[in-house]
Amino acid sequence: MSKQVKAWGATSPEKTEPITITRRAPDDEDVGIDIKYAGICHSDIHTVRSEWREISYPLVVGHEIAGVVSTVGKNVTRFKVGDHVGVGCMVNSCRQCSNCHDGEEQYCSSNLVLTYNSKDPKDGTITQGGYSQYIVVDQAFVLRVPESIPLDKAAPLMCAGITLYSPLNHWNAGPGKTVGIIGFGGLGHMGVKLAKALGSEVTVFSQTNSKKELGFQLGADDYVATSDPDVFSRLSQKFDIIINTVSAEIPLDLYLSCLRRDGTLVQVGAPKDQLRISPHSLYARRIGVNGSMIGGIAETQKMLDLCGEKLIFPEIETIPASYIDEAYERVMKSQVQFRFVIDISTM
């Protein structure tokens, strides 16, 4: 049967508050999950504030979900009641297109179903996210959380973790490679930890040196303030990969000057305006500029297994649900180290 559950939903662009939502009845392929923690992603804020597209209120956001399996359909073979699991940014796809067949479901060309604000093909309703007590997800889009990862720290891995791991994995970060991470926030600090775990030399590009000591503590080999006019000349042609986690306009040509021949800049931050790049920055050394969006289910599981093996966890601040609006304001002001995680028991 369907289930009424408590949630914390956006009722306008300016406000979130307690609401009740209906979760569909699990079918034979579904996993019912009691949510324990949900991370706050910048995308949640963009969505709630209708900055990317218009939405219908109320809407429950949240796609960094960690919890415990409470029920399974009769055809579910990968999970059992009591398992620790996670759900990321997507809960279904067409499973027929070439991208889905290649295990790159996040690039589904036909019917990618996001964790919130998408049409659920199973019942036609609008998907509601993880700021809630319970969720029902097809087993194909549920992730196993290794026992070594605490559930509160597992939540941000479902988006922030895979968003950085996927480009590092795709562009072969590892021993002998130099990686630059632009920005040292919720995404950037995971980039440092993951790139270092893969064996790369890692440099943080930040506006100031205010987090420099913390950057070294989390694994950075170098930490530079881009306000220093000599930084870019000093780091000229040093990097194989630079990942931009910043959601604001920055002078990308300066960062491109830091790439070696055949180097790659990967954009994962989501600025509102178009990127500005001079073609001279590209063809001088056969430089590539690419984008990357989360990762497929198999790749995300690979990331979780790596984090479980090497004990790679995000730095978090756990909050009650009643603090969500204040947390949004602090995220926008970069006043969090480094990811807010909602304790769902506070609902």
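1. Two residues are taken to be in contact when heavy atoms of theirs lie within 4.5 Å. On that basis, and bearing in mind that this is a predicted model, residues 24 or more positions apart account for 66% of the contacts in the chain with a separation of 6 or more.

2. On overall dimensions, a compact globule of 347 residues would have a radius of gyration near 20 Å, and the chain, with 20 Å, agrees with that expectation. The C-alpha trace spans about 65 × 40 × 35 Å along its principal axes. Of the 347 residues, 55% are buried, while the accessible surface of the chain comes to about 14900 Å², with 48% of it belonging to carbon and sulfur atoms.

3. As to secondary structure and annotation, the chain has 11 helices and 17 strands. The unreviewed UniProt entry carries the annotation "domain: Enoyl reductase (ER)" for residues 9-342; in the model that span is 23% helix and 27% strand, and its end C-alpha atoms lie 13 Å apart.

4. The sheet I looked at is an open one of 6 strands, with parallel pairing and the order E12-E11-E10-E13-E14-E15. Strand E12 (222-225) and strand E15 (288-291) each have a single partner strand, so one side of each is left without a neighbour in the sheet. From one strand to the next, the twist averages 20°.

5. Which strand pairs with E10 over 5 bridges in the parallel sense? For strand E10 (residues 178-182) that partner is strand E11 (residues 201-206), and within this pairing valine 179 stands opposite valine 202 in E11. Helix H4 (residues 160-170) packs on the sheet, where the helix touches E10, strand E13 (239-244) and strand E14 (259-267), and the direction of H4 makes about 155° with that of E13.

6. Further along the sheet, E13 and E14 are also paired in the parallel sense, over 5 bridges, and isoleucine 241 stands opposite threonine 264 in E14. E14 is in turn joined by 4 bridges to E15, the two running parallel, and here leucine 265 stands opposite valine 289 in E15.

7. Is glycine 296 buried or exposed? This residue, found in the loop between E15 and helix H10 (297-310), has a relative accessible area of 0%, which means that glycine 296 is buried. Leaving aside neighbours within four places in sequence, glycine 296 is in contact with Met90, Gly103, Glu104, Glu105 and Gln106. For one of these, glutamate 105, the C-alpha atom is separated by 5.2 Å from that of glycine 296, although the two residues are 191 residues apart along the chain.

8. Glycine 308, by comparison, is found in helix H10. With a relative accessible area of 10%, and with buried meaning under 20%, glycine 308 is buried. Once neighbours within four places in sequence are left aside, the contacts of glycine 308 are with Pro146, Ser148 and Ile149. The C-alpha atoms of glycine 308 and valine 192 are separated by 17 Å, these residues being 116 residues apart along the chain.

Methods:
Residues are numbered from 1 along each chain as its sequence is written. This is a predicted model: local features need pLDDT of at least 70, side-chain atom pairs count only at pLDDT 80 or more; totals for chains, interfaces and linings use all residues. Side-chain values use heavy atoms; hydrogens and water are left out. Two strands pair if DSSP finds at least two bridges between them. Axes are lines fitted to C-alpha atoms, for helices over the stretch in contact, and angles run from 0 to 180 degrees between N-to-C directions. The radius of gyration is taken over C-alpha atoms; the globule rule is 2.2 Å times the number of residues to the power 0.38. Buried means under 20% relative accessible area, exposed over 50%, partly exposed in between (1.4 Å probe, protein chains only). Accessible areas come from the Shrake-Rupley method with a 1.4 Å probe; for residues, only the protein chains shown count as cover. UniProt positions are given in the numbering used here, feature names are shortened, and annotations may be inferred rather than shown by experiment.
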